[in-house]
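Please examine the sequence and the three-dimensional model shown below. The explanation considers nonpolar packing and then the local setting of individual residues.

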Amino acid sequence: MNLDTLADLGPRWWIVRVTRIRYEETAERLARSLARNFPDIDFKMYAPSVQVKKKLKNGSYSDKPKPIFPGCVFLRCVLNKERHDFIRECDGVGGFVGSKVGNRIKQINKPRPVSVDDMEAIFKEAKEAQEQADQAFVEEQQREGTIKSENLNVESNTVTTVVTESFRDSKPKSQSGKASAKGNKLPAPGSTVRVVSGTFAEFLGTLKKVNRKTRKATVGFTLFGKESLVDLDLSEIVPETN
């Protein structure tokens with residue numbers, strides 16, 4: 001089967017099957033891998049989910065994503081054999097949704113593109129699901145009499161995420177030597193910092209707060225279409241300079 005013929009279709013939406021365990025983490029890792037290994041291609045990744053807000057017993061609120069299509073990530077790109085094979089080999093990926101081809105010894109799913117109409121229906125479903133979840137939370141709080149709806153500050157966000165240039169934009173310019181914030185003047189909250197080691201190495205983020213006692217910093221990254229907060233050692237970040 002010549003998968004390079006898929007490129008003749010141009011940019012299309014494809015469905016990638018991923019593990020249901022750590023669903024978003026797998027999708028984020030796949031997006032980073034694509035951006036790192038294919039820096040010249042344009043792609044978008046969409047993982048439909050609903051942000052479900054709940055009030056906890058201690059009075060705080062949790063905001064967790066609930067996948068609309070568990071185990072499925074939508075990827076828009078020009079697909080060829082090289083990219084197809086690379087994606088299939090990524091950790092947590094089970095291949096593409098499509099029709100089985102091959103012989104009895106070896107079979108794979110030939111990717112089947114998703115139509116524009118179907119994608120529009122999916123976008124609409126995600127938006128409506130988020131609105132329903134937000135409204136359900138408002139009504140629950142009103143029934144409990146603990147909070148007024150006008151003060152909930154609940155916003156409808158179509159969850160998911162389109163990951164295109166966000167990962168590429170997060171990558172800093174190449175650096176020489178190993179930098180460290182330790183011993184230097186601490187960056188101020190709100191400033192842009194660069195991660196120099198650890199899981200988020202080579203990413204830019206916004207410094208949210210600094211704990212001088214524990215030498216910890218909370219940094220916000222734009223991952224998968226929304227901001228994620230991560231606690232890092234001060235030694236892992238440096239101020240970003242233009």
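This is a predicted model: local features need pLDDT of at least 70, side-chain atom pairs count only at pLDDT 80 or more; totals for chains, interfaces and linings use all residues.

Residues are numbered from 1 along each chain as its sequence is written, and side-chain values use heavy atoms, with hydrogens and water left out.

A nonpolar core is a set of buried Ala, Val, Leu, Ile, Met, Phe, Trp, Tyr and Cys residues joined through side-chain atoms within 4.5 Å. Buried means under 20% relative accessible area, exposed over 50%, and partly exposed in between (1.4 Å probe, protein chains only). The largest such core has 24 residues, and those with the most contacts inside it include Val16, Leu30, Phe43 and Ile87. Two or more residues come from each of strand S1 (12-18), helix H1 (23-37), strand S5 (72-77) and strand S6 (93-96); H1 gives the largest share, six residues. Helices (H or I, at least four residues) and strands (E, at least two) are DSSP runs, numbered from the N terminus. Another core, of eleven residues, lies apart from this one and has Ala217, Phe221, Val230 and Ile237 among its members.

Thr218 is part of strand S11 (residues 216-223). Thr218 counts as buried because its relative accessibility is 10%. Beyond its neighbours within four places in sequence, Thr218 is in contact (heavy atoms within 4.5 Å) with residues including Thr206, Lys208, Leu229 and Asp231.

Arg215 lies in the loop between strand S10 (204-211) and S11. Although Arg215 is not a glycine, it has a positive phi of about 60 degrees. With 33% relative accessibility, Arg215 counts as partly exposed.
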